[in-house]
Every structure is written in C-alpha cells, then in structure tokens.
Protein chains: 2
Amino acid sequence: MLSAYLVIAHGSREQNSNEDFFSFLERFRAALPGHLIEGAFLECAPPSIPDALEKCASRGAGEICVIPFMLFSGRHVKEDIPRFIQEAKSRHPEIDFHYASPLADHPAMIGLLADKIETFKPLKGKL
Amino acid sequence: MLSAYLVIAHGSREQNSNEDFFSFLERFRAALPGHLIEGAFLECAPPSIPDALEKCASRGAGEICVIPFMLFSGRHVKEDIPRFIQEAKSRHPEIDFHYASPLADHPAMIGLLADKIETFKPLKGKL
C-alpha cells in the first residue's frame, strides 16, 4: 500500500516565509528518498490542505499520514486540520488517514533550542 | 555579565496550548541549569514581550538573548519581535540585545520531522 505524508505549515502573508517552507520540504524529501511527501498551508498561500489531500489520493495513496508542522496543540492542530481530514475521509472512505502530534512534544526540541543558546555564546551579534 | 534568555512563543486563544509552552519551558530550564530563562507570548496571553524583557532587565541582565520559538521568518520574526526589542533597547541602552533565527533552519528539524514519520509505521493509529 502506498503511504503519503502531508506536512502542513501555517502559511504566512510573507511569501519569503512560505518559500522557506518549500525549501525545508525539499531538504526533507532529500533526507527520505522513496517517500511520497507533500506540503500544504493552512492559510494565506497555496497549496491548500484539501488540494494537497486530493493530490495524495490521486497519486493512489492507500493511507495519508498528516503531520502538522506546528509547535503546539492550538486550535489549528485540534480543530482546523482534523476538519479537513474528516472531509477528505468522507470523500475517500477507502483511504486510511493518520495524524501526528505537533512538534514541541518531541524530546529533541529541547536540544534544538539549547543549540540556539549556544550560538549566542561565540557570536554575540548585537541587534 | 549576567545573560538572560527570552524564549518567545506565538501564543494561542487555547489556554491548553499556552500551558504546553510553559511546560516546555520548564523542561528547557531543567536541561540548562544556571541559565536565566524567561518566556513570553507575542499575543493572546501573558506574559507579554515587553513585560518579559523588563523582567530580564530588572534581574540585572547585562545582555538579553531573544529566541523566537517559531518555525519560519514571517512577519512576527522579522518585524514584530524586533520592534519590541528596539523599544526595550531604547529604555535600556546599557543592555546588549541579541536575536536568534527561527527554528526551521536548524538541521536537526529534518530528523525531528522524520521521527514523526517513523511513529506512523508501527502505530498506524486511524483518525
């Protein structure tokens, strides 16, 4: 069965920020060859979540694993994205949908933020 | 010189989400004993960024290192937070202010997201 992975960012009115997400997604795909990985924005910019879910379905995915690229379980993670998934599920009852937790609960996030502190120590770049 | 580290989350109308940030911050402090670490929200909930910056100053910080706990360089990272820092700098010209980049540019973020994909493989929790 083909698995699709849909990574969902919030989206920004700043196009540069959205391009940073696409660039991140390219690095992510390169790190996971052989995986079908799509991206979408919750708001502000295309591709939309429904469009990206349809794209996964049209590629023949038997399951779609949705990963919110968001830090905490706010309204977007708890209500908005699940609503889009339910809508897709009603259109595609033959597809299994799975949903990941947001990022901040990952233990590695502590080390990642600690690295940010380390970068201040030698650089001391003043604002 | 005392260094203070101010971690800034976006803030949510969901109080649970804001509490997740405080909980994260507690784990972060525990991982970095001896560091003065404060937290603030850009919007929706206290403490505000100005209040947290003043708290760092009142504790005698000679420098304040501001870390946006946000994924990309959108408007909040590029405009809103720097404005608060500039305002604090004008009130406290004796303090050095530093500013970190957002999270998604950290190489470890790729592995963190790849772990999310791994969790789908054994669990297959259906929505």
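**Group meeting: strands, helices and a pair of copies**

Hi everyone, let's start with two strands in chain A: strand β3, residues 63-68, pairs with β4(A) in the parallel sense, over 4 bridges. One pair to look up on your screens is A:V66, whose bridge partner in β4(A) is A:Y99. Please keep in mind throughout that this is a predicted model.

Chain A has an open sheet of 4 strands, ordered β2-β1-β3-β4, and the pairing is parallel. Which strands sit at the edges? They are β2 (36-41) and β4 (96-99) of chain A, each of which pairs on one side only. Going from one strand to the next, the twist averages 25°.

Next, the helices that pack on this sheet. Helix α1 of chain A, residues 15-31, touches β1 (3-9) and β2 of chain A, and its direction makes about 170° with that of β2(A). Helix α2 of chain A, residues 49-58, also packs on the sheet, with β1, β2, β3 and β4 of chain A as its contacts. The direction of α2(A) makes about 165° with that of β2(A).

Stepping back to the chain as a whole, we count 4 helices and 4 strands in chain A. Reading from the N terminus, the elements go β-α-β-α-β-α-β-α.

Let's hop over to chain B for a helix pair. Helix α2 (residues 49-58) and helix α3 (residues 75-91) of chain B have axes that come within 10 Å and cross at roughly 40°. That angle makes α2(B) oblique to α3(B). As for the hand, the crossing of α2(B) and α3(B) is right-handed. Which residues meet there? From α2(B) we have B:I49, B:P50, B:L53 and B:E54, and from α3(B) they meet B:I81, B:F84, B:I85, B:A88 and B:R91. By type, the contact of α2(B) with α3(B) has 7 nonpolar residues, no polar ones and 2 charged.

Finally, how do the two chains relate? In general, two copies of a chain are related by a rotation about an axis and a shift along it.

Note on methods
Residues numbered from 1 in each chain as written. Chains lettered and ligands numbered in written order. Predicted model: local features only at pLDDT ≥ 70, side-chain atom pairs only at ≥ 80, totals over all residues. Heavy atoms only, no water. Axes fitted to C-alpha atoms, helices over the stretch in contact; angles between N-to-C directions. Parallel < 35°, antiparallel > 145°, perpendicular 65-115°, else oblique. Left-handed = near helix turned anticlockwise from the far one by under 90°. Contact = heavy atoms within 4.5 Å. Nonpolar A, V, L, I, M, F, W, Y, C, P; charged D, E, K, R; others polar. Pairing = 2+ DSSP bridges.
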